[in-house]
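Thank you all for coming; I would like to walk you through one structure slowly, taking a few of its features in turn.

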Amino acid sequence: MKNDFKNMIFAGLTLFFIIFGVTVAAADEINITLVSTFETDGQASDIDLKSNYAYIADSENGLVIVDVSDPSSPVLAGRSDVNGSADNVAVEGDYAYVTDENKGLRIIDVSHPSLPVLVGNYDTGGTARGLAVSQNHAYVADGSNGLVVIDVSDPTSPIIAGNFSQPGFRAFDVAVEDDYAYVASDSGLFTFDVNNPESPALTGTNNPGFYVMDFQYEAITVSDNRTYSIDSYNRLFIDDIGDPSSPVTYKNSTECSPAASTPGTNVGVVVLDNYAYAGSEHFGIVNVSDPSSPFIAGYYDTEGAACSVAVSGDYAYVTDSRGLVILLMEKEGTTPAKSIQIEILSPEAGLLMDPNESILIQAKISDIDGSQLQDPAETSVKVTFNNSETPVYLFDDGNHSDGNTGDGIYANEWMPGNISNISELEYTITVLTQNPASEEMSDGISGLIVFNDDINSTSTDAFNSQTIDPEKNSGSENSAGISSSGGGTASSGGESGDLTYKDAEPETESKDSVISSEAGTMDSESGLSSFESSEEQESSEKNPAYSKEWALGFVLVSVGIIAVYSITGKRR
């Protein structure tokens, strides 16, 4: 009995470290928060993103085009019938290619997103699902009809180019890279040489048959000599396709989120950098930096059945059964940028504002040399306030009083909402940039908006006695790399950028990389300001897939059971 008891204790402790280890590994490293939603009239199943528009396959409602230039306020741009049911969509050039499960391929001219026009179609003969477009050819996963290749060099008159089918092979999705097509099927991964699209040649297959339950690959994407596939049970499989004729599955799959999918559910997956983003019941993010050991980095329940996803910068655009869900993704422990400068252009410091009118917030964003950032589409500029005002995002797209597209001027109109009985409001602008090589976040810059006391029934005498201390805003030796303008200064290179008024509280040392102002501070490590509301701070808390408290509770119960068992055993 003594040996049995020792074995039980050993087993219990082993269980503790296993569970606790998994808990640590599976804890979220990306915070996901809801930005906005857009309901469609159909069943939104697939999405593609181009410029500032989201193209949504919306079942019987056809193709729906949504303007997402302002992620917080998506609006309908246009819609086109497909004379059937839109299942999947891919946008290439001025055309959207849409699959209809029962009628094949539909081609829609979207050169004017507000006026999409159906211009061509081709009946594939099978059950058209996923598709990919490459070099004037549309590759359609056509169910039991296999892989169908359609020549779309003339979008108004598509014609068959080639086809591959065989008994027992059902194609559900397809991805194309270089001269190869990778097909997700009910038998796993199929690879095809499509150097000659008229005669797609099967080069390799891989069926990871190390699971007892039956499964089928339903969605697939390609990145860096690997395919990423989701099966019908919500699991992500990674295959090495360094040799397309002999794909090899990494022997550790992972669930895309805690939700369990069911066979036949529409799913989607994209991969950027070291993360796979999946729509499969929930929206899930999987860290795939080590393909042999992927794990959930974050997830979000859209409350509908998440189907597909597109990602741009730190935004995820997810389709679920009710329409479009836009989410903000923020990584834990983001490293402050060493090369981003922010110059506030509007509102001007000291200018009295009318609280009943919209206010233009405008800033110039550049790198340490004063040059424009390389990819404005991958730059997120956020404005937060030291009260309960909703954060505002600034854009460089030519549509938000920001001048020309890509000129480095980011702007948006902001309408005050919760400013009763206050005479001034502090705001902070932060910048997050993402590109394939790196991710950077600015320390931030603060400014002050002062409201007209005649309109707002408040006094501005205090402000009239405030003047900006030129020594704190002149780019002295403690503010290297700082660009200044009437509204404030921004820090790059980790030093502080202080916007200080003469009657303000004592400011923080610049070497601490903290932006100091009258109303609060911003920590460059976390990107959080002290004047953020408690609700905002709570919402930024991570939502772990597994909690340490749960694991500890489970272990304590297990040890208790072992102890009781041991005592009862001794009595016997």
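Let me begin with Asp224, which you will find in the loop between β18 (217–223) and β19 (226–231). Please keep in mind, here and throughout, that this is a predicted model. The phi angle of Asp224 is near 50 degrees, which is a positive value in a residue other than glycine. Is Asp224 buried or exposed? With a relative accessible area of 61%, Asp224 is exposed, because the cut-off for that word is over 50%.

Asn83 sits in the loop between β5 (75–80) and β6 (86–92), and although Asn83 is not a glycine, its phi is positive, at about 55 degrees. Its relative accessibility is 51%, so Asn83 counts as exposed.

While we are on loops, please look at the one between β30 (340–346) and β31 (352–353), where Pro347 is found. The peptide bond that joins Ser346 and Pro347 is cis, with an omega of about 5 degrees.

Now I turn to a sheet. In general, the strands of a sheet pair through backbone hydrogen bonds, and they do so either parallel or antiparallel.

My next topic is the aromatic rings. A pair of such rings is described by the distance of the centres and the angle of the planes. The structure holds ten aromatic pairs, and one of them is formed by Phe164 and Phe169, whose ring centres are 5.9 Å apart and whose planes stand at 65 degrees, so that this pair is edge-to-face. Phe164 counts as buried at 15% relative accessibility, and Phe169 is buried as well, with a relative accessible area of 1%. For Tyr180 and Tyr182 the ring centres lie 6.4 Å apart and the planes are at 35 degrees, so this pair is called tilted. Tyr180 counts as partly exposed, at 25% relative accessibility, whereas Tyr182 is buried, with a relative accessible area of 3%. Phe164 and Phe169 also belong, together with Phe190 and Phe192, to one aromatic cluster.

Finally, let us consider empty space, which is shown by rolling a probe the size of a water molecule over the atoms. The second largest pocket has a volume of about 930 Å³. Which residues lie closest to its centre? Of the 34 residues that line this pocket, the closest are Ile47, Asp48, Thr221, Val269 and Val270. By class, the lining has 22 nonpolar, seven polar and five charged residues.

Definitions and conventions
Residues numbered from 1 in each chain as written. Predicted model: local features only at pLDDT ≥ 70, side-chain atom pairs only at ≥ 80, totals over all residues. Heavy atoms only, no water. Helix = DSSP H or I, 4+ residues; strand = E, 2+ residues; numbered from the N terminus. Buried < 20%, exposed > 50% of the residue type's maximum accessible area, 1.4 Å probe, protein only. Phe/Tyr/Trp six-rings, centres within 6.5 Å; stacked < 30°, edge-to-face > 60°. 1 Å grid on protein atoms, 1.4 Å probe; cavity = no way out; pocket = protein on both sides within 12 Å on 5 of 7 lines; lining within 4 Å. Points joined across faces, edges and corners; volume = space filled by probe spheres on them. Nonpolar A, V, L, I, M, F, W, Y, C, P; charged D, E, K, R; others polar.
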